[in-house]
Amino acid sequence: MGKINKIAVLYGGSSSEREISLQSGRGIHRAICDLGYESDLIDFKNLSNLYELKVYDFVFIALHGFEGEGGKLQKDLDDLNILYSGSNSKACRNTWNKRLTKEILKKNNIRTPVWLEVKFDKTIVDHGLRVSPYDRFRPFEYLFLKPQEDGSSVDIFKISDEESLRAAYKKCTNPNRGFLFEEYIHGREITVTIIDKECFPPIEIITKNEFYDYDAKYISDDTLHVEAKLTQNELDEIKLIAINAFEALDCKAWARVDLIQDKKGNFYVIEINTVPGMTSHSNVPKSGSLLGFSYNEVVEKIIDASL
């Protein structure tokens, strides 16, 4: 493989995660320039034809949301024989769709919270939570309601009764699409970064918010991202689960595996992100720093793992 000299950083786009992608892209671009590469920042929404990327040796995908994580971009880049960061089209499709993710995890005997697939329309609200499809969750204090395909905790709601269900429908920015009701597991939120099949130190997310929503992820300065305090057995187990999930979903180069540890110590995989955030609040650079890696070194490791 030839030497990589010129790198495009693809960012921005038109999804609900645009602002986060802009932050990620700028940070990655600065790092790439610091590392001595020639680099350009390219906003996906201003790119008329992917063929324009043929002048680059490598494309670093910092594009969040469906445009960067749904799999179509990766397929199109493969068709043009353009090298890029991260997982291929199939892995991105499987991780972007939470139902597919859960089905694959279940097939591979990897714990994930119980779920119910629905179309979040007025009928769901009118029928309420007392109908038989919800029996799989009973008894429950809360359920999570989340889009099958979206990121950064957009349109995620904590549901306890018919009133909160009606409120969620009113607040939802984009209903009438595929959603999942998901078992609510009370416990610790932990995320594991994987780069080149190596697990970085798990990060525990501690928030004052009701759950780890958009505000907690990207805006609040009260959210804590700290090295998870785990026994050696727990550390070995969570790393094994994260790697197993990474491989079951056919991920490549880098990803972030999000988990919950319940009160009994069991770990459940919530989702796998193939284009994790790289903002100042993000867990990937934070996890790398616990191993002594600078932000720039983490970016370099992602590039190397992708080649």
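**Exercise 1. Find which ring the charged end of Arg111 sits over.**

Solution. Start at Arg111: its charged end sits over the ring of Tyr268, 5.9 Å from the ring centre. The term has cut-offs: NZ of Lys or CZ of Arg must be within 6 Å of the ring centre and within 35 degrees of the ring normal. Next, look at Lys6, whose charged end sits over the ring of Tyr56, 5.1 Å from the centre.

Before going on, keep in mind that this is a predicted model, where local features need pLDDT of at least 70, side-chain atom pairs count only at pLDDT 80 or more, and totals for chains, interfaces and linings use all residues. Residues are numbered from 1 along each chain as its sequence is written, and side-chain values use heavy atoms, with hydrogens and water left out.

**Exercise 2. Explain why helix 4 is described as largely enclosed by the rest of the structure.**

Solution. Step one is to locate helix 4, at residues 89-96. Helices (H or I, at least four residues) and strands (E, at least two) are DSSP runs, numbered from the N terminus. Step two is burial: buried means under 20% relative accessible area, exposed over 50%, and partly exposed in between (1.4 Å probe, protein chains only). Because 6 of the 8 residues of helix 4 are buried, the helix is largely enclosed by the rest of the structure. The buried residues are Ser89, Ala91, Cys92, Asn94, Thr95 and Trp96. Step three is to see what covers them: the cover includes helix 2 (66-69), helix 3 (72-79), helix 5 (98-107) and strand 13 (267-273).

Now zoom in on Asn94, which is buried at 12% relative accessibility. Leaving aside neighbours within four places in sequence, Asn94 is in contact (heavy atoms within 4.5 Å) with Leu100, Thr101, Ile104 and Leu249. Finally, Asn88 caps the N-terminal end of helix 4, with a side-chain oxygen 3.3 Å from the backbone nitrogen of Lys90.

**Exercise 3. Describe the aromatic pair of Phe120 and Tyr169, then that of Phe200 and Phe293.**

Solution. A pair of aromatic rings is described by the distance of the centres and the angle of the planes. Rings of Phe, Tyr and Trp (its six-membered ring) pair if their centres lie within 6.5 Å; planes under 30 degrees apart count as stacked, over 60 as edge-to-face and the rest as tilted. The whole structure holds 8 aromatic pairs. In one of them, Phe120 and Tyr169 are 5.4 Å apart centre to centre with 80 degrees between the planes, an edge-to-face pair. This pair links distant parts of the chain, 49 residues apart: Phe120 is in the loop between strand 4 (115-119) and helix 6, and Tyr169 is in helix 7 (residues 162-171). Phe120 is buried, at 0% relative accessibility.

For Phe200 and Phe293, the centres are 5.9 Å apart and the planes are at 40 degrees, so the pair is tilted. Phe200 is buried at 1% relative accessible area, whereas Phe293 is partly exposed at 22%.

**Exercise 4. State where Lys197 and Asp250 lie, and the phi value of Lys197 and of Asp250.**

Solution. Lys197 is in the loop between strand 8 (187-195) and strand 9 (198-199). Its phi is near 65 degrees, a positive value in a residue other than glycine. Asp250 belongs to the loop between helix 9 (232-248) and strand 12 (254-262), and phi of Asp250 is near 60 degrees, again positive in a non-glycine residue. To finish, compare exposure: Lys197 is exposed at 57% relative accessible area, while Asp250 is partly exposed at 36%.

Methods:
Polar contact = N/O pair within 3.5 Å; in protein donor to acceptor, adjacent residues only side chain to side chain.
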